[in-house]
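Dear colleague,

I am handing over the structure we spoke about, with a few notes on what turned up in it. Please look through it alongside the comments that follow.

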Amino acid sequence: SAAVLYERRQEAAAPPASLADSGAETGLPSPETLGQFSPLAAPRPAPAVSFTSRDGKAMTLADFRGRMLLVNLWATWCGPCVKEMPSLQSLQAAFGPDLTILAISQDRGGAAVVDAFIAKHGLDRLSVYLDPKAEASQIFAVAGLPTSFLIDRDGRILGRLEGAADWTAPKLVALLRRYVTPPATKPATSG
């Protein structure tokens, strides 16, 4: 039997117009794109998303402007999410400050559920945030979990990945490095 790579959300919302051509309108990713990074044809502004730190501090995506972000929407009850979490932590360690991973839990139980999960799975080096009302999933028009978004330093979505991924796979790491590494500036020539 095939491995489960994606948990469908029960109340998937219609996508906002800003995400409509990113594949969100189809409900579920196609089998060909499941677990594969899908770049947008053109970067789009990330929606305004609010969440909290595990200690209750209110935060938004705008708080991270100026950094490359990988926003990962997940939940403790989602088998594919649980499977990919250790590789997300390894990815954060590999990229260090060049890539900020925001693992935003969609668990209704909030910190009580998530903190126990983090302790059980040894995920203490991964930045985990809380969204117990799953507003981020609704705003990003996510049909299932996990779903991740790569957002540039200017707050624009560059692409998405629906379904579980091995974030340490060489091809995926190389792809992310191309986005994360700023283009080299050419020295000015005098004439």
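Does Cys78 count as buried or exposed? In this predicted model, Cys78 has 0% relative accessibility, and because the cut-off for buried is under 20%, Cys78 counts as buried. Cys81 is likewise buried, with a relative accessible area of 0%. These two cysteines form a disulfide in which the sulfur atoms lie 2.4 Å apart, and the link is right-handed, with 75 degrees about the S-S bond; the structure holds one disulfide.

Turning to the fold, there is an open sheet of eight strands, ordered S2-S10-S9-S5-S6-S7-S3-S4 and mixed in its pairing. Strands S2 (37-45) and S4 (58-60) stand at the edges with a single partner strand each, so one side of each has no neighbour in the sheet. From one strand to the next, the twist averages 35 degrees.

Within the sheet, S5 (residues 69-74) pairs with S6 (residues 100-105) in the parallel sense over six bridges, and Leu69 stands opposite Thr100 in S6. Helix H1 (residues 79-95) lies across S5 and S6, running at about 160 degrees to S5, while helix H4 (residues 170-180) packs on the sheet, touching S2, S9 and S10.

Leaving aside neighbours within four places in sequence, Leu73 is in contact with residues including Ile104, Phe140, Val142 and Phe149.

How values were computed
Residues are numbered from 1 along each chain as its sequence is written. This is a predicted model: local features need pLDDT of at least 70, side-chain atom pairs count only at pLDDT 80 or more; totals for chains, interfaces and linings use all residues. Side-chain values use heavy atoms; hydrogens and water are left out. Two strands pair if DSSP finds at least two bridges between them. Helices (H or I, at least four residues) and strands (E, at least two) are DSSP runs, numbered from the N terminus. Axes are lines fitted to C-alpha atoms, for helices over the stretch in contact, and angles run from 0 to 180 degrees between N-to-C directions. Contact means heavy atoms within 4.5 Å. A disulfide is a pair of cysteine sulfur atoms within 2.5 Å. Buried means under 20% relative accessible area, exposed over 50%, partly exposed in between (1.4 Å probe, protein chains only).
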